[in-house]
Structure formats: structure tokens, C-alpha cells
Amino acid sequence: MKKLKCIIIDDEKKDRENLKILLESYCPNVDIIGEAFDEVSILKTLLTMQADIVFMDIQIGSMAIFDILNQLKEIKFKIVFVTAYDKYAIEGYQYDAIDYLLKPVEAKKLIWVVDKIKKEKEKTEEQHLNNKDLKALYNKVFDAPKISITDAKGIHMIKTSEILYCVSDGNYTTFVLTHNKEIVISKNLKHFEIKLEAYNFLRIHKSYLINLNHIDFLIKEQGGYVNMKNGKSIPISRNSKKELYEKMNLL
């Protein structure tokens with residue numbers, strides 16, 4: 001596993017230096033990528049650097065670190081509070097802190113905390129790999145599944161992978177396929193929304209059901225659009241945005 005990326009936050013330079021020495025001496029699997037000491041530098045560092053773990057003092061000058069953390073939209077890193085004051089412990093755990101170290105920091109406790117975070121990260125990465133393997137196996141076993149759709153000419157057997165998107169027109173649905181092919185079916189879009197849900201399709205607008213595998217580009221501005229691989233730009237409804245972002249791992 002790669003080294004854990006670490007940031008140290010403390011308004012006392014000597015305390016930052018002491019923690020750096022301990023980490024460099026006893027935790028070779030940690031890479032210190034940044035430091036911060038006041039509100040401006042803390043926000044800049046946390047917003048611009050991607051850390052796995054952040055050691056932070058709770059009292060920064062006249063401020064509590066919680067006032068700064070509340071300005072962040074989300075916290076993706078593990079927090080370890082390092083402070084001389086244990087009165088903040090309960091409040092600190094509201095921020096999902098992994099642990100709480102009292103100054104002066106003991107090497108033994110520091111090693112234990114870092115090892116705990118390392119094991120959690122390894123477990124998460126292993127689960128992610130297992131999920132990817134399962135998805136790959138599923139795709140292999142059920143490669144290019146087909147659905148049947150009926151129009152005036154007869155029954156079409158279509159690979160779901162060849163469907164770019166479906167367009168609603170009242171009680172009719174137009175299938176837009178790869179190779180510039182279209183098929184009009186006399187059934188409403190809701191019917192096919194249910195039928196295609198298991199094949200990574202999502203209704204992102206009242207008039208459009210799209211194949212998420214054929215999204216070429218996503219535009220977040222002006223309400224949101226997706227550009228499909230055939231160049232078609234399709235709007236994202238407000239009600240569908242969250243589910244779309246979740247399926248695309250954008251949240």
C-alpha cells in the first residue's frame with residue numbers, strides 16, 4: 001500500500017516540529033505533505049491537498065478548530081486531534097475523529113493510531129477491489145444482454161449495450177442506437193425505464209432514459225447536461241441529479 005498522506009495543523013511551531021520528528025522516526029509509512037497554523041492556511045491546505053490523515057490541534061489561537069471544520073463542505077480525511085486539553089474530546093468525536101492524542105504525544109500511542117488508520121484504509125481498498133472484481137465478473141457472465149422490443153414490422157432483439165438513449169413522445173418511445181439507427185415503439189417511456197433499470201440505464205429527464213455507459217461528458221453548469229457519445233446534449237432534471245451523481249461516483 002502507498003504511504004499515508006498526512007497534514008499537521010497546529011498554531012505552535014515547536015509542536016508541529018515535535019510531531020514531525022515522531023512521525024519521521026516511528027511511522028515510516030506516513031508522508032507529511034503539508035502544515036498549517038491559522039484559519040487561512042488551514043482552509044487553503046485542507047482544500048488544496050488530498051490527505052489520508054490530518055493531525056490537528058483543537059485550539060488554534062483564539063479559535064476552536066471546529067469553527068474552521070464547519071466551513072468545509074465535506075471531510076474525506078481521517079482526523080486525529082492532538083491537544084493539551086481533553087475537555088473537547090466529546091465534541092471532537094462528532095467530526096468522526098479516529099482518535100484523540102494528548103500532548104506531549106507518546107510515540108507508542110502515535111504508532112498505534114497510524115497503524116489503525118492504515119488497516120482501515122487497506123480494508124476499504126480491498127473492499128473496493130472486490131467490488132470491481134464482482135462487477136467485472138458480472139459483465140463477463142452477462143455480456144451484452146439483449147431485450148426484445150416490438151414495432152409494426154416485428155420483434156427486434158437489441159443488445160442493451162447498443163442503446164444510447166430512449167426519447168419519450170407521449171405514448172411512443174424512440175430508441176436511439178449506435179450506428180445512427182432509430183426504432184419507434186408504441187409504448188411509453190415508463191415501460192422501458194422499468195425494463196432497462198438493471199442494465200445501468202437512468203431516467204435523467206421526463207423525456208430521456210439514458211445508457212450511463214454511453215455518457216461522454218457531464219456539464220454541471222446551467223442546471224446540468226450530459227453529452228452522449230453521439231454528440232446529443234441531454235438536460236438533467238433537478239430530481240434526477242443526485243441519483244445520477246451517485247451512480248457516476250461524483251458525490
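Is His179 buried or exposed? His179 is exposed, at a relative accessible area of 74%. Buried means under 20% relative accessible area, exposed over 50%, and partly exposed in between (1.4 Å probe, protein chains only).

This is a predicted model, in which local features need pLDDT of at least 70, side-chain atom pairs count only at pLDDT 80 or more, and totals for chains, interfaces and linings use all residues. Residues are numbered from 1 along each chain as its sequence is written, and side-chain values use heavy atoms, with hydrogens and water left out.

**Backbone**

His179 has a positive phi of about 65° although it is not a glycine. His179 sits in the loop between strand 11 (172-177) and strand 12 (181-185). Helices (H or I, at least four residues) and strands (E, at least two) are DSSP runs, numbered from the N terminus. Asn200, also not a glycine, has a positive phi of about 70°. The loop between helix 6 (189-196) and strand 13 (201-205) holds Asn200. Asn200 is partly exposed, at 30% relative accessibility.

Lys103 and Pro104 are joined by a cis peptide bond, with omega about -10°. Pro104 is in the loop between strand 7 (99-102) and helix 5 (107-141).

**Salt bridges**

The whole structure has 13 salt bridges (a side-chain nitrogen of Lys or Arg within 4 Å of a carboxyl oxygen of Asp or Glu). Among them are these.

| Pair | N to O distance |
|---|---|
| Asp10 and Lys103 | 2.8 Å |
| Lys14 and Asp15 | 3.4 Å |
| Lys20 and Glu35 | 3.1 Å |

Asp10 and Lys103 are 93 residues apart, so the pair links distant parts of the chain. Asp10 is buried at 4%. Lys103 is partly exposed at 24%. Lys20 lies in helix 1 and Glu35 in strand 2 (residues 30-36), so their pair ties together parts 15 residues apart in sequence.

**Nonpolar cores**

A nonpolar core is a set of buried Ala, Val, Leu, Ile, Met, Phe, Trp, Tyr and Cys residues joined through side-chain atoms within 4.5 Å. The largest has 21 residues; Ile9, Leu46, Met56, Ile65 and Phe81 touch the most other members. Helix 3 (65-69) is one of the elements that each supply at least two residues. Helix 3 gives the most, with four residues. Met56 contacts (heavy atoms within 4.5 Å) residues including Ile9, Ile65 and Phe81, not counting residues up to four places away in sequence. Another core, of 19 residues, lies apart and includes Leu4, Cys6, Cys27 and Ile117.
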